[in-house]
Amino acid sequence: MSFGKITATARYLPKKVVTNEDLTKWMDTSDEWIQSRTGIRQRHIAEAENTSDMCFKVAEKLMTKSKLEPVDLDFVIVATMSPDYTSPSVACQVQGMIGANQAMAFDVTAACAGFVYALATAENFIRSGMKRGLVIGGEKTSKLLDWEDRSSAVLFGDGAAGVLLEASEQASIMKQMLRADGERATSLTAGYRQNKNPFCTNPEVNPSLAMDGRGIWNFALNDVTKSLKEFIGDESVDYYLLHQANKRIIEKIARKMNEPIEKFPMNLMNYGNTSAASIPILLDELIEAGILTLNEKQKVVLTGYGGGLAWGNLLIQL
Ligand code: ACO
């Protein structure tokens, strides 16, 4: 049996940067409030580009880094909660844009846990005989937001990143744990599709992202930390790449895990919460900075958590 190995990473952030100070021009907020509650200083916002455009840029970079041809790919999987369309999937759009015409393609919808869910799914395809494919997390969260709602609009940003996963003799994704709790589904909702047709007239529902901030906070500190502790057991881990939602959440999880904060790299100050893109953006930056190196066998844990509620952990020996 073969196992999945990450052999290349890439990211793409849209050009426009919106600082906290910029937001104060049309929202009753302040840089002090946002930074002290979340750690976020700025976010990138896609203007004309949509989710598929950003994911395409990532796919192109991955193909260039790998020196493979797009027809060599067996799958393209995109994790997103902000697709261009209900159908086609972003993955199918990207597959077409790069000409990966031998690859199957589909999206995974697990909000901020999306990349972890997608990578676990891809690993299982490789274990069942596929050779290689792209796993990308991409979000244009800015189109889901109510830009008048200061309690959520200040938290998010746009971007995309991903990995090339290839078959290898040795296991690299050592362990996976995926969890969900649909009973708390309304803790975070976004993109409601109006439930109407000529035969029924249900009331309009606001489709903008809405969340129970405190509820999500408690979920991250309690459920996610508990699962992470169970998952790790007495394994020694070099770095924890947690979903980048809030600096205070990550600091508290580090404390509860009894691990030094240096093992929890963060970049949310620069990007805000990019949902399914946050973990692969961080992974690519750490590799570019030489903090992580593919093939050096560092042990990293990827932990995603968010809307669904859905969460998950992967232990990877790079
Ligand atoms: N600027 C200024 N004031 C604000 C803003 C803002 N942008 N947003 C809310 N406020 C006000 C509220 O109106 C409220 O005022 P009130 O007390 O007069 O009613 C007050 O600030 C709320 O303040 P706190 O309770 O101190 O806020 P808290 O410390 O709970 O922080 C936050 C809120 C940042 C949302 C926090 O609960 C949180 O991070 N939760 C996790 C949510 C999250 O990360 N969601 C992301 C999606 S899911 C995921 O990725 C995990």
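1. Let's start with residues 234–317: their end C-alpha atoms lie 16 Å apart, and the span is 30% helix and 24% strand. UniProt, in an unreviewed entry, places the feature "domain: Beta-ketoacyl-[acyl-carrier-protein] synthase III C-terminal" at residues 234–317. Please keep in mind that this is a predicted model.

2. Next, the sheet. Four strands form an open sheet in the order β8-β15-β14-β13, and the pairing is mixed. At its edges are β8 (173–180) and β13 (239–242), each of which pairs on one side only. Direction ignored, neighbouring strands of this sheet are turned by 10° against each other on average.

3. Now to one pair within that sheet. Strands of a sheet pair through backbone hydrogen bonds, either parallel or antiparallel. Here β14 (residues 299–306) and β15 (residues 310–317) run antiparallel and are joined by eight bridges.

4. Helix α10 (residues 278–288) lies across β13 and β14, and runs at about 140° to β13.

5. Where does Asn206 lie? Asn206 is in the loop between β11 (200–201) and β12 (210–211). The side chain of Asn206 reaches the backbone nitrogen of Ser208 at 2.9 Å, a polar contact by the 3.5 Å cut-off. Asn206 can also be placed against Gly191: the two are 15 residues apart in sequence, with 8.4 Å between their C-alpha atoms.

Terms used. Residues numbered from 1 in each chain as written. Predicted model: local features only at pLDDT ≥ 70, side-chain atom pairs only at ≥ 80, totals over all residues. Heavy atoms only, no water. Helix = DSSP H or I, 4+ residues; strand = E, 2+ residues; numbered from the N terminus. Polar contact = N/O pair within 3.5 Å; in protein donor to acceptor, adjacent residues only side chain to side chain. Pairing = 2+ DSSP bridges. Axes fitted to C-alpha atoms, helices over the stretch in contact; angles between N-to-C directions. Contact = heavy atoms within 4.5 Å. UniProt positions renumbered as here; feature names shortened; annotations may be inferred.
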